[in-house]
Amino acid sequence: VFTVANQKGGVGKTTTTVNMAAALAKLGARVLVIDLDPQGNASTALGIDHHGDILGVYDVLVGRAEFQDVVQKSTEEGELYCAPSNLNLAGVEIEIVGFENREYTLRATLDAYLHSAQGSYHYVFIDCPPSLGLLTLNALVAAREVLIPVQCEYYALEGVTQLMNTINLVNQSLNPDLVVSTVLLTMFDARTNLANDVAADVRLHFGDRVLNAVIPRAVRVSEAPSFKQTVISYDSTSVGALTYVEAAFELAERGASKE
């Protein structure tokens, strides 16, 4: 179970979530994406209807539904499923703030689902909102591993430092099993010195946790969601699709974190 997190907006979190998931499904894995972002962009990219009347992660968090009630099959190739977001999720932090063990709300329901007959997956990816609120906290408690997308731009490591502090706190008090296992460089523009400098800094800081595959700035990657697709199905031969498949293959070869 991966939480894809970085509280800095616009770093390619949702893009990474849906394309890694789609690539792994295309490679033969059974994959679930949990859309924990009220904007619902992951649900859209996976071709999932997620307007207000459709049951989604919000209903699971407030106890109105179970995961098996909300999970839908994606229109993408392979065994790819999604627990969709909807706009109700925007106010859910206020609703669950009074819950006992509120940080464990997602974990409890997800664990029960993953141990049921319907909940058999090779990978689960949780897409977080661009903040360090209660939703992201729930995602970090529910996961075993964190995948951090880092865009190759100025200030990239600043946001990551704040995230690492939060992860360390979660580690100490809420989820001792959580590890930052994977870092993916995104929005890489090889023509600029800055992108190369940032990439070098990130590799120095995180070592072999950084995947060798680097996601370039690519028009096809940006276009795909407007067609309710991932770049994997939108243009499978584009450089964006090929690098995400490469990253997914690398992730699969590494296996689950042993830490």
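P149 is buried, with a relative accessible area of 0%. This value, like the others in this report, comes from a predicted model. P149 belongs to strand β6, which covers residues 145-151. Apart from neighbours within four places in sequence, P149 is in contact with V4, A5, N6, V11, G12, K13, T16, L184 and T186. By contrast, T75 lies 74 residues from P149 along the chain, and the C-alpha atoms of the two are separated by 25 Å.

Residues up to four places away in sequence not being counted, D37 touches T14, S85, L89, D127, C128, P129 and P130.

Helix α1 (residues 13-26) meets helix α12 (residues 239-254) at an angle of about 70°, and their axes are 8 Å apart. The two helices are therefore roughly perpendicular to each other. The residues that form this contact are listed below by helix.

| Helix | Residues in the contact |
|---|---|
| α1 | T15, T16, N19, M20, A23, L24 |
| α12 | Y244, V245, A247, A248, L251, A252 |

By class, the contact of α1 with α12 comprises nine nonpolar and three polar residues, with no charged residues. T16, one of the α1 residues in this contact, is also among the residues in contact with P149.

Technical notes. Residues are numbered from 1 along each chain as its sequence is written. This is a predicted model: local features need pLDDT of at least 70, side-chain atom pairs count only at pLDDT 80 or more; totals for chains, interfaces and linings use all residues. Side-chain values use heavy atoms; hydrogens and water are left out. Contact means heavy atoms within 4.5 Å. Axes are lines fitted to C-alpha atoms, for helices over the stretch in contact, and angles run from 0 to 180 degrees between N-to-C directions. Helices (H or I, at least four residues) and strands (E, at least two) are DSSP runs, numbered from the N terminus. Angles under 35 degrees count as roughly parallel, over 145 as roughly antiparallel, 65 to 115 as roughly perpendicular and the rest as oblique. Ala, Val, Leu, Ile, Met, Phe, Trp, Tyr, Cys and Pro count as nonpolar, Asp, Glu, Lys and Arg as charged, and the others, Gly among them, as polar. Buried means under 20% relative accessible area, exposed over 50%, partly exposed in between (1.4 Å probe, protein chains only).
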